[in-house]
Amino acid sequence: MRTLLGVIITAATLASVSNAAGAVVETRKQTAQGGVVCRLTDVGLNLTVKAKATGFRNEGTSSTFIICGMESANSQEAVGTIKGLTIGMYSLNGASKSVSCTAVNGYANSTPLYATKTVSTPANGSAGVIAWDASDFGGTAGDPLAQNDYWLITCNLPASTSVGYMVTQFNVNAPAGS
């Protein structure tokens, strides 16, 4: 019994010493493929917009509205905070397209904040990137989003255009030395 008590006291002492240094903040990114995180806003039958391994693709001849979002459990106050959102758009036919997207920061019973941006997809096959941070929602760049656990992005996705990926940038409160 004395040995067990000694082990418990030693473990508690070591735990308190390691916590004395405090937590450190790490900036991390979570990336998801567009075919996984996006869907149509209209649940009607649409055979030209498809989730594929290469992204969420509008293979049709007209624009359609889509909604994209990722699980944000990493952004809870005790764990960390979302600091930025990014979406990457691609042309499917080598022609540049203008894509307009609105990021929404907030939830149904709150006062959501909206920020709309437009990007042209490069004709060379690289991504046209839209990025949002706190400054787009009335805050200061580098700070967490105001209602950081609740966000999504809606886009008017032109014909022959694809959402290739989304990225959430967030800070995590990690134990020191991890």
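Guide: A residue is termed buried at under 20% relative accessible area, exposed at over 50%, and partly exposed in between, with a 1.4 Å probe and protein chains only. The model is predicted, so local features need pLDDT of at least 70 and side-chain atom pairs count only at pLDDT 80 or more, while totals for chains, interfaces and linings use all residues. Residues are numbered from 1 along each chain as its sequence is written, and side-chain values use heavy atoms, with hydrogens and water left out.

Visitor: How many disulfides does the structure hold?

Guide: A disulfide is a pair of cysteine sulfur atoms within 2.5 Å. Cys 38 is joined to Cys 68, and Cys 101 is joined to Cys 155. The number of disulfides is therefore two.

Visitor: Are Cys 101 and Cys 155 buried or exposed?

Guide: Cys 101 and Cys 155 are bonded, with an S to S distance of 2.0 Å. In terms of accessibility, both residues are buried.

Visitor: How many residues apart in sequence are the parts tied together by Cys 101 and Cys 155?

Guide: Strands are DSSP runs of E with at least two residues, numbered from the N terminus. Cys 101 belongs to strand E7 (residues 98–105) and Cys 155 to strand E10 (residues 151–157). The pair therefore ties together parts whose separation in residues is 54.

Visitor: What is the handedness of the disulfide between Cys 101 and Cys 155?

Guide: The handedness follows from the torsion about the S-S bond, which is about 110°. The disulfide of Cys 101 and Cys 155 is therefore right-handed.

Visitor: What is the relative accessible area of Cys 68?

Guide: Cys 68, in strand E5 (residues 64–68), is linked to Cys 38 in strand E2 (residues 38–40), 30 residues apart. Cys 38 counts as buried at 7% relative accessibility. Cys 68 is buried, and its relative accessible area is 2%.

Visitor: What is the pairing of the bonded cysteines, numbered in sequence order?

Guide: The bonds are Cys 38 to Cys 68 and Cys 101 to Cys 155. With the bonded cysteines of the protein numbered in sequence order, the pairing is 1-2, 3-4.

Visitor: Are the rings of Tyr 90 and Tyr 165 stacked, tilted or edge-to-face?

Guide: Rings of Phe, Tyr and Trp (its six-membered ring) pair if their centres lie within 6.5 Å; planes under 30 degrees apart count as stacked, over 60 as edge-to-face and the rest as tilted. The count by this rule is one aromatic pair. The ring centres of Tyr 90 and Tyr 165 lie 6.4 Å apart and the planes are at 65°, so the pair is edge-to-face.

Terms used:
Helix = DSSP H or I, 4+ residues; strand = E, 2+ residues; numbered from the N terminus.
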